[in-house]
Every structure is written in C-alpha cells, then in structure tokens.
Amino acid sequence: MTCPHNPVSATAPAAHHTEAIVAEEKAQLDFSQSMSYGDYLQLDAILSAQKPLSPAHDELLFIVQHQTSELWMKLMLHELQAAIQHIARDELNPAFKMLARVSKIMEQLVHAWDVLATMTPPEYSAIRPYLSSSSGFQSFQYRCIEFALGNKNAAMLKPHAHAPERLALVQAAYQAPSLYDEALRLLARRGLAVPASHTERDWTQPYEASDAVEQAWLQVYRHPKDHWDLYQLGEELTDLEDAFRLWRFRHVTTVERVIGFKRGTGGTGGVSYLRKMLDVVLFPEIWKLRTDL
C-alpha cells in the first residue's frame, strides 16, 4: 500500500536549497539597526495612500493608475526643468540625456493607459459618484509640464488658486521660459537669425509660429554637420512631442472607451475637450520644416 503524496515533504528540499543560497550569499536579514528597502522608499506612506471611497473592487485600480502617473510626472518635471537649465547654459549633452529620459517616461505613461482600459463602463460608473468634482484636469504637475513645454494658458492657474503652494509652482512654470523658448535663445546665441520677438518676449503668452524661426531651423537641418548639436536638439524635441502626442491620444481613447461622451468630472466635455488638445502643436517650426526641406 503506497503512502499518499505529502506536499510538505516534497517542497522541503527546495525550501532548504533556497535557504542555503541566501546563507551562502550572506544576505543581510536583520534591519533593526539599519535602513531597509521599505524605509528608503517610504513604502509605509506610499502604500497607505490608497483610500477608496466606494465599495467597488475596481476603485483601487483607478487610484493606483493616477497616483503612479503623478509619480512619473514628478520625475518628468525634474528632468524637464534640469534640461531647460542646461540648454540655457549651452550644456547640450546632459540636456539630451534628460530629454531622452522624458520621452521614455511618456512612453511609460502611454502604456499605463492600457491597464486603466481594462476598466469597463459599468465598473467606472460604480465609482464615478464618489469622485465628486475631482479630475485629472486639475493635476498641477501636468499643468507644469504643459507650461514647461510651452502650452501657456492663464485660465489654467485658477484650478489651483485654493492651494497657495501648488499655485506658486504652477505660476513659476507659467512665467518661466519654456523648453522651446530656451532652444530658440540658444539658436540666436549661435548666430542664427531668430528674431528678438521670439527670444525676448512675455513668456506667459502662448507661442506663435514664425517664418523667421523656421528659416533658422532650416539652416540647421540643411547643414547638419555645421550645426550637429543643434540638429540633435531639434530631433530630441521632435521625439519629445511625438511621445507627448501619443500620450494625449491614448488618454482620449481610453476616456472614450470607459465613459463615452459623458462630461468629465472636472466640468469639461470630456472626450470633446481632449480631442481639441490633440490639435495643439508645441514646436511648430520643427514639424513644418519637414515639408519645406
């Protein structure tokens, strides 16, 4: 008569083997007197920051999606602001690395929408009443990113008026030269004929395309060997806007998939508003020159 299979005894050798590996590697196991992984990353604070308001199972997905997006945007702002400062100091190599990283972060955010798209309309409808008037439209970090990329809009300061510290951050981004402004000032410093109207202007005003600016970029693109780092800068800006367009497009597609054409919780038309934002071009001359080369 055979004995029944014992799962405990079957797994015991494997358990002893892995314990031996840990011992051989001399892994540190006691953190009573030193900093652990969780301590360094402040995981107690991060993992306790999800506070679902509804009884719906899917609300945790909605919260985690937006919280992780805000963390990526924090890093994006860190890189964007540093890249702008490097360009202002004619330090292009570190700026290129930072701008490439920003483009990769945007790719990460594009794929994040794939996870939220697993939420069906009935699942979202179960949590929507609990959101009240809160909306991604009110993200102060996203607004700082848009301002840093040159899409200035004074009306977008108002959603932050109730929070002075956040308002100060958005206001600073609104008043500062954008990434593209600093790129054009760099072209002018290199002797290219960028008009003063585009190097010394009111930075709070939306950018207006210029034929003279396009001619300056065309000189770079027609003679890349003579202006190699500026040529590379133009392509980094192209990569960045390409990624940003994909991020915005994936956003509007996911919203339409989940809520259709209902109005957004923040008061906008939802999909209709997001589709209008798809038409915003950040670096117009860099795109137009491709036709005119």
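Visitor: Which residues does Leu179 touch, not counting residues up to four places away in sequence?
Guide: First, a word on the model: it is predicted, so local features need pLDDT of at least 70 and side-chain atom pairs count only at pLDDT 80 or more, while totals for chains, interfaces and linings use all residues. Residues are numbered from 1 along each chain as its sequence is written, and side-chain values use heavy atoms, with hydrogens and water left out. Contact here means heavy atoms within 4.5 Å. On that basis, Leu179 touches Leu80, Ile84, Ile87, Leu99, Ala148, Leu149, Leu237, Leu240 and Phe283.

Visitor: In the largest nonpolar core, which residues touch the most other members?
Guide: A nonpolar core is a set of buried Ala, Val, Leu, Ile, Met, Phe, Trp, Tyr and Cys residues joined through side-chain atoms within 4.5 Å. Buried means under 20% relative accessible area, exposed over 50%, and partly exposed in between (1.4 Å probe, protein chains only). The largest core has 69 residues, and those touching the most other members are Leu149, Leu179, Tyr180, Trp217 and Trp247.

Visitor: Which helix gives the most to this core?
Guide: Helices are DSSP runs (H or I, at least four residues), numbered from the N terminus. With 12 residues in the core, the top contributor is helix α5, residues 92-116.

Visitor: How do α9 and α10 pack, and at what angle?
Guide: Axes are lines fitted to C-alpha atoms, for helices over the stretch in contact, and angles run from 0 to 180 degrees between N-to-C directions. Helix α9 covers residues 179-189 and helix α10 residues 211-222, and their axes are 11 Å apart at an angle of about 65 degrees. Since 65 to 115 degrees counts as roughly perpendicular (under 35 is roughly parallel, over 145 roughly antiparallel, the rest oblique), that makes α9 roughly perpendicular to α10. So the angle you asked for is about 65 degrees.

Visitor: Which residues make the contact of α9 with α10?
Guide: The residues divide into 6 nonpolar, no polar and no charged. Nonpolar covers Ala, Val, Leu, Ile, Met, Phe, Trp, Tyr, Cys and Pro, charged covers Asp, Glu, Lys and Arg, and the others, Gly among them, are polar. From α9 come Tyr180, Leu184 and Leu187, and from α10 come Val213, Ala216 and Trp217.

Visitor: How far apart are the axes of α10 and α11?
Guide: The angle between α10 and α11 is about 110 degrees, so these helices are roughly perpendicular to each other. Trp217, Val220 and Tyr221 of α10 take part in the contact, with Leu230, Tyr231, Leu233, Gly234, Glu235, Leu237 and Thr238 on the α11 side. Their axes are apart by 8 Å.

Visitor: Is Thr199 buried or exposed?
Guide: Thr199 sits in the loop between α9 and α10. Leaving aside neighbours within four places in sequence, Thr199 is in contact with Leu184, Arg185, Ala188 and Val194. Its relative accessible area is 10%, so Thr199 counts as buried.

Visitor: And what about Arg275, which residues is it in contact with?
Guide: Arg275 is in helix α12, residues 271-277, and at 40% relative accessibility Arg275 counts as partly exposed. Leaving aside neighbours within four places in sequence, the contacts of Arg275 are Val252, Glu256 and Phe261.

Visitor: Which helices do the buried residues of α13 pack against?
Guide: Helix α13 spans residues 284-292, and Pro284, Glu285, Ile286 and Leu289 are buried there. The buried residues of α13 pack against α9, α10 and α11.

Technical notes:
Helix = DSSP H or I, 4+ residues; strand = E, 2+ residues; numbered from the N terminus.
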